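Subject: Structure handover

Hi,

Here is the structure I promised to pass on to you. Please open it next to this note, and then read on for what turned up.

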Amino acid sequence: MPPHVKMNNKAEMLKRLEQGSVPDDELRRLIRIELGRRLQWCQQKPTYEEQTADILSLVKSLRQMGIASGSDHLNSEMYDMPISFLKTTFGKLLKESGYYFKDESMTLDEAEEAILDLYCERAQLKDGQKVLDLGCGQGAFTLHVAQKYKDSHVTAVTNAATEKNYIEDQCKIMGLSNVEVILEDIAKLTMKTTFDRIIAIGLLEHMKNYGLLLQNISQWMNPAESLLFIDHVCHKSFAYKCEPLDENDWFAEYFFPPGSFTMISASFLLYFQDDVSLVDHWILSGKHFHRTGEEWLKKLDANLEKGKEILGSKFGSKEAALKEINHWRGLCMFSSETFGYNGGEEWMNSHLLFKKK
């Protein structure tokens with residue numbers, strides 16, 4: 001097929017997605033096709049030796065980059081949304097990454113609390129600790145820890161003013177005096193103190209040079225007792241930059257800005273132990289994020305008119321609001337289909353615990 005025809009097909013697909021004229025069943029089918037294409041692309045090298053060489057090539061490539069790239073655009077496009085809109089989709093603490101459905105009967109809010117408790121357990125949190133929450137979002141983990149461990153102090157870091165304001169407002173409402181929120185880009189962050197626990201949930205996906213990032217973080221850890229806990233999405237064995245496979249690839253451009261997202265493998269961070277060393281490692285099946293995406297979509301659809309009204313006020317037109325709603329619905333289906341692929345055994349979450357070297 002001539003290249004210009006392919007480009008027209010992609011442009012038409014992106015237009016249909018913005019308009020919401022792609023039926024859900026068709027969109028889910030097309031997402032699964034693109035996921036299959038990505039796996040085929042990852043499996044181009046037939047031997048494990050060659051696949052490992054590809055991963056090491058990516059490791060070396062990322063080490064030549066800055067800590068982050070593309071995150072400013074991503075933040076403005078995706079994460080700087082009205083709190084009232086986020087409440088139409090996410091759990092009560094507004095956590096924007098996967099939840100933990102320990103059993104089928106769990107509600108969205110219960111699964112949200114369950115994943116936060118799991119983080120506390122795996123990070124070995126105790127009352128009285130100083131905790132640093134990097135890339136804190138709307139403060140789900142920060143507020144959970146501040147409530148659960150009253151004698152601890154939590155420092156939350158975000159680069160979005162709306163998130164900082166929301167967390168500080170919630171602290172006032174909840175009567176919490178053990179939280180400080182810092183407005184800063186993670187890549188430029190400097191700290192004059194050390195922490196007992198450092199937490200990075202859903203942060204690594206938007207970073208590039210993990211070696212520099214972990215070097216910075218290690219300076220905020222003391223060798224004796226500090227631990228770093230990381231939760232990131234991953235593929236079980238492949239690692240790749242989420243860039244278009246070819247000129248017809250709508251999938252790599254629609255959900256996230258090109259170049260802003262890196263899908264690393266479950267054990268990818270083990271290549272970056274210059275300044276930290278692994279203490280423990282767990283895998284959380286993709287089934288949990290799959291169910292999370294489905295529950296988000298149900299909640300958003302139940303609040304669709306309210307969501308359109310909120311986004312209409314933000315973006316100034318019904319057309320712009322509809323485009324954004326369609327994108328968020330697509331993100332929910334993207335999450336469900338990606339992490340549900342092959343029964344949750346392809347894409348999943350990796351939890352790692354590190355100590356300072």
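Let me start with burial: a residue is called buried under 20% relative accessible area, exposed over 50%, and partly exposed in between, using a 1.4 Å probe and protein chains only. By that scale E346 is buried, with a relative accessible area of 11%.

Some housekeeping before the rest. This is a predicted model, in which local features need pLDDT of at least 70 and side-chain atom pairs count only at pLDDT 80 or more, while totals for chains, interfaces and linings use all residues. Residues are numbered from 1 along each chain as its sequence is written, and side-chain values use heavy atoms, with hydrogens and water left out.

Salt bridges

The structure as a whole holds 19 salt bridges, each being a side-chain nitrogen of Lys or Arg within 4 Å of a carboxyl oxygen of Asp or Glu.

K236 is partly exposed, at 41% relative accessibility.

R32 and E337 also meet through their side chains, in a salt bridge of 3.0 Å, N to O. This pair links distant parts of the chain, with R32 in helix α2 and E337 in helix α13 (residues 318–340), 305 residues apart. R32 is partly exposed, with a relative accessible area of 38%, whereas E337 counts as buried at 10% relative accessibility. Both residues belong to a network of salt bridges that links R28, R32, E294 and E337.

Then there is R63 with D274, whose side chains form a salt bridge at 2.9 Å, N to O. R63 counts as partly exposed at 30% relative accessibility, and D274 counts as partly exposed at 47%.

Helix α2 (residues 24–42) has 19 residues and reaches 27 Å from its first C-alpha to its last, close to the 27 Å expected at 1.5 Å a residue; the expected span is 1.5 Å times one less than the number of residues. Its buried residues include L27, R28, L30, I31 and E34. Of these, L30 has a relative accessible area of 16%. The C-alpha atoms of L30 and D246 are separated by 16 Å, and the two residues are 216 apart along the chain.

In helix α3 you will find L62, which counts as buried at 0% relative accessibility. L62 and T262 are 200 residues apart along the chain, with 10.0 Å between their C-alpha atoms.

Surface charge around α6

D103, D109, E110 and E113 gather in a patch of negative charge on the surface. Of the four, E110 sits in helix α6 (residues 108–122) and is partly exposed, with a relative accessible area of 41%.

A few single residues

N342 is in the loop between α13 and β9 and is partly exposed, with a relative accessible area of 47%.

Finally, H144 is in helix α7 (residues 140–148) and counts as buried at 9% relative accessibility. The C-alpha atoms of H144 and L93 are 8.4 Å apart, and 51 residues separate the two along the chain.

Happy browsing, and do write back with any questions!

Best wishes

Methods
Patches are made of residues with over 30% relative accessible area and no salt bridge: like charges are joined within 9 Å, nonpolar side chains (Val, Leu, Ile, Met, Phe, Trp, Tyr) within 5 Å. Accessible areas come from the Shrake-Rupley method with a 1.4 Å probe; for residues, only the protein chains shown count as cover. Lys and Arg count as positive and Asp and Glu as negative; His and the chain ends are not counted. The place of a charge is taken as NZ of Lys, CZ of Arg, CG of Asp or CD of Glu. Helices (H or I, at least four residues) and strands (E, at least two) are DSSP runs, numbered from the N terminus.
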